[in-house]
Amino acid sequence: MPRLDGHFWSCSCAHGSRHRGHPTARAGALAAKVGDMVTSSASSPALRAAGRASDPEPAGRPGSRGVGGQATRWHHHLLQRGLVLFSVGVVLALVLNLLQVQRNVTLFPDEVIATVFSSAWWVPPCCGTAAAVVGLLYPCIDSHLGEPHKFKREWASVMRCVAVFVGINHASAKLDFANNVQLSLTLAALSLGLWWTFDRSRSGLGLGITIAFLATLITQLLVYNGVYQYTSPDFLYIRSWLPCIFFSGGVTVGNIGRQLAMGVPEKPHSD
């Protein structure tokens, strides 16, 4: 009897423990299945895409900061180059116009002559603005055509180009020829020589001719309206050699603008 009781007791205990263990096992299996479902749903491509769409790009992300910083640096360099070119145009206008006025090549009315360099007040800002536009336009056209200008790209060459341009302008006021045609042909040869020596690009030649044409046309309109005048005009109210001065000036300012644009980052393009 004691052995039967012991056997019955041990069987009852084992049977009870099995019944008590089944709910625990079922709960563990259920929790594992729920975890697998949550993991698989969270790793699905649709939910990942939705999460990326709902999560805005941080303002400090390196990509956005890099593009914005590049655009800021490009505009900063553009403003600096514009100011430098404007200053160069103002200085050249004051110096070169002084030569023309002293030789009585250019005549301004007495009421518009200023005390500084005997120049009309509007000449320096107009020439400075034109120099800024031309100097910024030259590297822009080179970039658009895909033909970067690499001929004699150093400041020593640019300074020699400026010196030759000043010499051409000085020759127009100082040299005495039998007639204006000889002077015009001489200055035309010197201007083409300046382009060939310091530029030699098709874009430089085309822009120089365009600048000479537009500047000559504007000058003729100013003279026609009585803003100022030239002595001994021989070509539609002006001197026939004036387009040569404008051509060489455009090439010179273009070389300065190209040199200033070297090492400047390209304008960023937004996607």
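## Asn255 and its setting in a predicted model

Asn255 is found in helix α8, which spans residues 242-261. In this predicted model, Asn255 has a relative accessible area of 1% and is therefore buried, the cut-off being under 20%. Beyond its neighbours within four places in sequence, Asn255 is in contact with His149, Arg153, Val158, Cys161, Phe198 and Asp199.

Trp195 is also buried, because its relative accessibility of 13% falls under the 20% cut-off. The protein has two aromatic pairs. In the pair of Trp195 and Trp196, the ring centres lie 5.9 Å apart and the planes meet at 55 degrees, so the pair counts as tilted.

Turning to the protein as a whole, the secondary structure consists of eight helices and two strands, and from the N terminus the order of these elements is α-α-α-β-α-α-α-α-β-α. Among contacts between residues at least 6 apart in sequence, 76% join residues at least 24 apart.

Confidence needs care when the model is read: the average pLDDT is 74, and 63% of the residues score at least 70.

| Segment | pLDDT | Contacts beyond four places in sequence |
|---|---|---|
| Residues 46-64 | under 50 | eight contacts |

Definitions and conventions
Residues numbered from 1 in each chain as written. Predicted model: local features only at pLDDT ≥ 70, side-chain atom pairs only at ≥ 80, totals over all residues. Heavy atoms only, no water. pLDDT = per-residue confidence, 0-100. Contact = heavy atoms within 4.5 Å. Phe/Tyr/Trp six-rings, centres within 6.5 Å; stacked < 30°, edge-to-face > 60°. Buried < 20%, exposed > 50% of the residue type's maximum accessible area, 1.4 Å probe, protein only. Helix = DSSP H or I, 4+ residues; strand = E, 2+ residues; numbered from the N terminus.
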